[in-house]
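Here's a quick tour of a structure, taken from the overall picture down to a few single residues. Have a look at it first, then read on.

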Amino acid sequence: FFTVFIEKLSKSHLPNYRCEGLFKWFFNSNYMCSLMAMMAIVCLYKTLMTQKGKPFYILTMAICIVTMYFGGSIFGFVELLVGIFALLILFKKRKAVIFSLFAVLMLYLVPDIFPRILESNSTTNNRILIWDSAIRFIKINPLFGHGFLSYEHLHQLYGSLWENAHHT
């Protein structure tokens, strides 16, 4: 959180900058946000399971969500919301589910809260291109795959439909 906060302050003059952690700790902002979403879901689980350490888990969850906001990953927030809904449904927290649905509705009605939501159509199309490339690569060696950083290596050999951080 602290490195991302410093990064956000230092890049505040860039309007659409998406933090990824100082010193390139994460491959890109989507990875950082995915990790933060998983951590926030674990914290919510711990908060629902026990009274011990509840303030720590709530603070950690809030820090993860702020870090995700600075990273600006749409899919990270989808991951977070699906995890939250699943836990709230499993723990039979009906009022919290309704409140969460209201919060999601607010994101669509007031897109200024999370401006990248307006880009969701184009980013979804980009993901579809990446998945098409991945399926094409899986067909080359379906049984054993291609190993670590396979997208990078296969992109160099065969090209892909979409260039992304995995091949640089």
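What percentage of the 168 residues of the protein count as buried? The answer is 33%, where buried means under 20% relative accessible area, exposed means over 50%, and partly exposed is in between (1.4 Å probe, protein chains only).

## What you're looking at

This is a predicted model: local features need pLDDT of at least 70, and side-chain atom pairs count only at pLDDT 80 or more, while totals for chains, interfaces and linings use all residues. Residues are numbered from 1 along each chain as its sequence is written, and side-chain values use heavy atoms, with hydrogens and water left out.

## Overall build

The protein has seven helices and zero strands, so the elements simply read α-α-α-α-α-α-α from the N terminus on. Both kinds of element are DSSP runs numbered from the N terminus: helices are H or I with at least four residues, strands are E with at least two.

Contact here means heavy atoms within 4.5 Å. Looking at contacts with a separation of 6 or more, 50% of them link residues 24 or more positions apart.

The expected span of a helix is 1.5 Å times one less than its number of residues.

Helix α4 covers residues 74–90, and its 17 residues reach 24 Å from first C-alpha to last, close to the expected 24 Å. At its start, a side-chain oxygen of Ser73 comes to within 3.0 Å of the backbone nitrogen of Gly76. Just after the helix, Lys92 takes a positive phi of about 55°. Among the buried residues of α4 are Ile74, Phe77, Leu80, Ile84 and Leu88.

Glu79 is another buried residue of α4, and it counts as such because its relative accessibility is 19%. What does the side chain of Glu79 make a polar contact with? The partner is the side chain of Ser34, at 2.9 Å. A polar contact is a pair of N or O atoms within 3.5 Å; within protein, one must be able to donate a hydrogen and the other to accept it, and residues adjacent in sequence count only if both atoms are side-chain atoms. Leaving aside neighbours within four places in sequence, Glu79 is in contact with Ser34, Ala37, Met38 and Ile41.

## Cys19 in its loop

Cys19 sits in the loop between α1 and α2. Is Cys19 buried or exposed? At 0% relative accessibility, Cys19 counts as buried. Its C-alpha is separated by 6.4 Å from that of Lys8, eleven residues apart along the chain. Beyond neighbours within four places in sequence, the contacts of Cys19 include Val4, Glu7, Met32 and Phe70.

Phe1, Phe2, Phe5, Ile6, Leu9 and Val66 make a nonpolar surface patch of about 580 Å².

Helix α1 (residues 2–10) supplies the largest share, four residues. Val66 belongs to helix α3 (residues 54–71) and counts as partly exposed, at 35% relative accessibility.

Definitions and conventions
Patches are made of residues with over 30% relative accessible area and no salt bridge: like charges are joined within 9 Å, nonpolar side chains (Val, Leu, Ile, Met, Phe, Trp, Tyr) within 5 Å. Accessible areas come from the Shrake-Rupley method with a 1.4 Å probe; for residues, only the protein chains shown count as cover. A salt bridge is a side-chain nitrogen of Lys or Arg within 4 Å of a carboxyl oxygen of Asp or Glu.
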